[in-house]
Amino acid sequence: MEKPVEMGERGSGALYQAPVITGDKGAGQSMGLRARMTVAAAFAAAALAGMALLAFLAVRAPVEAADRYMRALSEGREEEAWSMLHVTSKFKAEEDFKGYLEMARERTESVTGWKAHLTHLTGSRAYVDLELLRDGSGYLLRLGLRNDGKGWMIYEPDLEERYGGP
């Protein structure tokens with residue numbers, strides 16, 4: 001009588017059984033890996049969202065400062081606009097409030113509105129272009145801003161005519 005061939009016996013042509021994993025050791029490792037990957041992905045998504053928010057706020061801050069400055073000028077609050085000038089700006093450095101008022105009144109005379117656009121931002125310096133609307137037409141005024149740690153201040157209201165000013 002022939003001896004029966006046991007499953008997995010060499011030379012028998014039979015299939016070998018797959019190893020049996022006892023307990024939850026393999027499933028636990030897999031679930032632990034998935035949990036760690038999920039937590040890492042959640043942290044990465046939160047970090048990206050935080051960086052995007054910081055980038056948005058960094059870009060928005062100079063535009064908001066330029067908008068506050070223009071609002072103060074257009075509403076006749078020249079002293080408030082003067083206080084928004086950086087201490088090293090031309091007018092502040094020369095303590096030329098009268099010259100500043102003349103320039104400010106000339107620039108804002110009959111302005112009906114404006115649109116502000118950030119054109120350049122590098123560290124603590126920014127340039128914001130203001131499209132000033134006047135009687136159905138508009139012209140561009142560029143403001144240079146600096147942030148010395150206390151907030152964005154107007155450094156140079158561009159006085160050159162190359163941007164189509166009055």
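"Partly exposed" here means a relative accessible area between the buried cut-off (under 20%) and the exposed one (over 50%). Keep that in mind as you click around, and remember that this is a predicted model.

**Stop one: Arg60.** Select Arg60 and check how open it is. Its relative accessibility is 35%, so it falls between those two cut-offs and counts as partly exposed.

**Stop two: Glu64.** Which residue does Glu64 form a salt bridge with? It's Arg60, and the closest N and O atoms are 3.5 Å apart. Colour helix 1 (residues 25-74) and you'll find both partners in it, four residues apart, or about one turn of the helix. Glu64 is partly exposed too, with a relative accessible area of 37%.

**Stop three: Arg77.** Next, jump to Arg77, which is partly exposed at 28% relative accessibility. Show its side chain and look for Glu75: the two meet in a salt bridge, at 2.0 Å from N to O. Click on Glu75 itself and you have another partly exposed residue, with a relative accessible area of 48%.

**Stop four: Glu80.** Glu80 has a relative accessible area of 33%, which makes it partly exposed.

Select Glu75, Arg77 and Glu80 at once. What links these three? A network of salt bridges does.

Notes: Residues are numbered from 1 along each chain as its sequence is written. This is a predicted model: local features need pLDDT of at least 70, side-chain atom pairs count only at pLDDT 80 or more; totals for chains, interfaces and linings use all residues. Side-chain values use heavy atoms; hydrogens and water are left out. A salt bridge is a side-chain nitrogen of Lys or Arg within 4 Å of a carboxyl oxygen of Asp or Glu. Helices (H or I, at least four residues) and strands (E, at least two) are DSSP runs, numbered from the N terminus. Buried means under 20% relative accessible area, exposed over 50%, partly exposed in between (1.4 Å probe, protein chains only).
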